[in-house]
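Let's walk through this model together, starting from a single side chain and widening out to the whole chain. Keep the viewer open as you read.

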Amino acid sequence: MTDTDLVEKKLAFIETCVRELHDLCQPERIPVDIREERFAAHTLQIAIQAAQDIASHIVSEGRLGEPESNRDLFALLCADGWIEPELSVVIQRMIGFRNVVVHGYQHLDQTIVVDVVRNRLGDLLAFCSAIRARLHATPGAGR
């Protein structure tokens, strides 16, 4: 059974990260200010990680399948009707971005960071809305 309180805390955390990015980040400064780049990248990283944690919890508790990767968590959520296919694809891309930030697989492309801050924060909020709607619409989903 999905732990509603746990998921709600993670959703609120994502919303806080998005608000902080919106209110505090200066995307135009990311290419020229290492502190701005690191603030944006780290805040995105922890918000995306919270979304991954939520997906992992729901997939595990709902026994939705065995993901082969973290991206698969969102495909499984989609297959079970938690999120729409388009949102699943976008969040899976964000997981790839998170992996670059966390593991340093390659140089972090500042244009991607700027684009996410300017244009993609709504996707994280859409994820929160979709999860929250399903969480509260499903009898017995939470405890």
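His-57 is buried, with a relative accessible area of 14%; buried here means under 20% relative accessible area, exposed over 50% and partly exposed in between, with a 1.4 Å probe and protein chains only. You will find His-57 in helix α2, residues 34-61. Helices are DSSP runs of H or I with at least four residues, strands are runs of E with at least two, and both are numbered from the N terminus. Which residues does His-57 touch, leaving aside its neighbours within four places in sequence? They are Met-1, Thr-2, Asp-3, Leu-6 and Val-7, where contact means heavy atoms within 4.5 Å.

Before going further, a word on what you are looking at. This is a predicted model, in which local features need pLDDT of at least 70, side-chain atom pairs count only at pLDDT 80 or more, and totals for chains, interfaces and linings use all residues. Residues are numbered from 1 along each chain as its sequence is written, and side-chain values use heavy atoms, with hydrogens and water left out.

The predictor's confidence in each residue, pLDDT, runs from 0 to 100. Its mean over the protein chain is 92, and 94% of the residues reach 70 or more. Where pLDDT is low, the predicted coordinates should not be read in detail.

Now turn to helix α3, residues 70-79, whose buried residues are Leu-73, Phe-74, Leu-76, Leu-77 and Cys-78. These buried residues pack against α2, α4 (85-103) and α5 (110-137). Just after α3, have a look at Gly-81, which takes a positive phi of about 85°.

Stepping back, the protein chain has five helices and zero strands, giving the pattern α-α-α-α-α along the sequence. The radius of gyration is 15 Å, close to the 15 Å that the globule rule gives for 143 residues, so the chain is as compact as a globular protein of that length. That radius is taken over C-alpha atoms, and the rule is 2.2 Å times the number of residues to the power 0.38. The C-alpha atoms fill a box of roughly 50 × 30 × 20 Å along the principal axes.

Buried residues make up 43% of the 143 residues. Of the contacts with a separation of 6 or more, 67% join residues 24 or more positions apart.
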